[in-house]
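Have the picture open beside you and look for each residue as it comes up.

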Amino acid sequence: MRFHLTRFAVATRFTLLEHGRNRFAMILVILFVPVWTSLAYLAMPDAPARMRLRATGEALAPHGNELTAISGALNAVTLITGFMMFAATFSGSGFDRRLAMAGYPRAHLVLAKVTALALVSAAVAAYATAAICLAWPPRQPLLLAASLFCAGLTYGALGVGYGSLLRREVEGMFAIVMTSIIDLALQNPIMSSGADNPVIRYLPSYGAMQASTAAGFSTSPVPGQLAVQLTWFAGAALVALMGFCRSTRDCLPSTAPAPPHGQGSGKTGLPKPRHTAAPSAAASDTEAH
C-alpha cells in the first residue's frame, strides 16, 4: 500500500508542477473568468428572456444579461480547464513515455491526472461562482458551483484526450475552442433560436447548462442533470484513457526474445573469437635472420 501511495503522490506532484509552470493559464484564470463574466452581464440587455427549463419543466423569464453571464462562466470554465489539461498532457507526453519506459505504473499516472483535473476544476469553478455572485445573487450558488465543476471535469478530460491523440498543439487548441463555443452558443436562447431543439440535449455541457440555469433562477434541485454531466465526463475520461494508453503503449519495457532452439543460453549472441593467421614462410625466414 505504501508503494502505491508513494508512486501516486510523486506522479501527482509532477502533474501539479506542470500546471503551475503554465503561467498563461494562471493569467487566464485570474483575468479571463471575471472579465468575460462581467462583460456578459454588463453588455447584454437585461430584458427578460422567456424560456422553458427542461430540467424542471418550469417556465422562466430570467434577465438576458444574467443568463448570458451564466453561459459566459461555463464557457470560461470549460475553455480554461480544457486548455490546462491539454497543455499539460501535450507538453508532458514525452515525460510520461520515459516514465512508462522506466517501468512506472501507468495506473498511478492516470490517477494523478484525474486528481489534478479535479483540483483545477474545483478551483476554477469556485472562482467563477464568486465572480457571478459579485454581479448578482443566484438562487442556488452551491448548485451553480457544482455544475461549473462538472463542466470543467468534462472538458478537462476532453483536453487530456486531445493532448494524447492530436499531433500538433494548434489542432488541440482549435478543437477545444470550437467545441466549447458551439456547445454553449447553441444552448443560449438569446443567441440561438433553436435552444429548445431536442438535439441540444446531446451536447457535452447540456447537463451543466441546465443545472446552472436552475441554480440561477429556480429553487428546484436538479441532481439528474448533474448525473447527465458526470456521464459525459465518464465518456470523455474513457476516450482520454484510451489515448493515454495508446501514446505510452510502445514505450513499455518488454522482455528480451528467447534464443533460437538448439543454441545455448549462456553464449547466445556473443561474437566468435577471431583466429590469428599463421605466420608465412617469408616472415619466418626474416625472423630467423
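Keep in mind that this model is predicted. Start with helices α2 and α3: their axes are 8 Å apart, and the two pack at an angle of about 165°. An angle over 145 degrees counts as roughly antiparallel, so α2 and α3 are roughly antiparallel to each other. As for handedness, α2 passes α3 in a right-handed crossing.

Who does the touching here? On the α2 side, the contact residues include Phe-24, Phe-32, Trp-36 and Tyr-41, while on the α3 side they include Ala-69, Gly-72, Leu-79 and Phe-83. Sorted by class, the contact of α2 with α3 has 17 nonpolar, 5 polar and 1 charged residues.

Now zoom in on the aromatic rings. A pair of such rings is described by how far apart the centres are and by the angle between the planes. The count for this model is 3 aromatic pairs. One of them joins Phe-24 and Phe-83, with 5.8 Å centre to centre and 90° between the planes, which is an edge-to-face pair. Phe-24 sits in α2 (residues 23-43) and Phe-83 in α3 (residues 64-91), so this pair ties together parts that are 59 residues apart in sequence. Is Phe-83 buried or exposed? Buried means under 20% relative accessible area, and Phe-83 has 9%, so Phe-83 is buried.

Next, move over to helix α1 (residues 2-20) and its partner α5. These two pack at an angle of about 50°, again with axes 8 Å apart. That angle makes α1 oblique to α5. Here too you'll find a right-handed crossing, with α1 passing α5. Among the residues that meet are His-4, Phe-8, Ala-11 and Leu-16 in α1, and Leu-109, Ala-112, Lys-113 and Leu-119 in α5. The residues of the contact of α1 with α5 divide into 9 nonpolar, 6 polar and 2 charged.

Stay on α5 for one last stop. Helix α5 covers residues 106-135, and Val-114 lies in it. How does Val-114 count for accessibility? With 41% relative accessibility, Val-114 counts as partly exposed, because that class lies between the buried limit of 20% and the exposed limit of 50%.

Note on methods. Residues numbered from 1 in each chain as written. Predicted model: local features only at pLDDT ≥ 70, side-chain atom pairs only at ≥ 80, totals over all residues. Heavy atoms only, no water. Helix = DSSP H or I, 4+ residues; strand = E, 2+ residues; numbered from the N terminus. Buried < 20%, exposed > 50% of the residue type's maximum accessible area, 1.4 Å probe, protein only. Axes fitted to C-alpha atoms, helices over the stretch in contact; angles between N-to-C directions. Parallel < 35°, antiparallel > 145°, perpendicular 65-115°, else oblique. Left-handed = near helix turned anticlockwise from the far one by under 90°. Contact = heavy atoms within 4.5 Å. Nonpolar A, V, L, I, M, F, W, Y, C, P; charged D, E, K, R; others polar. Phe/Tyr/Trp six-rings, centres within 6.5 Å; stacked < 30°, edge-to-face > 60°.
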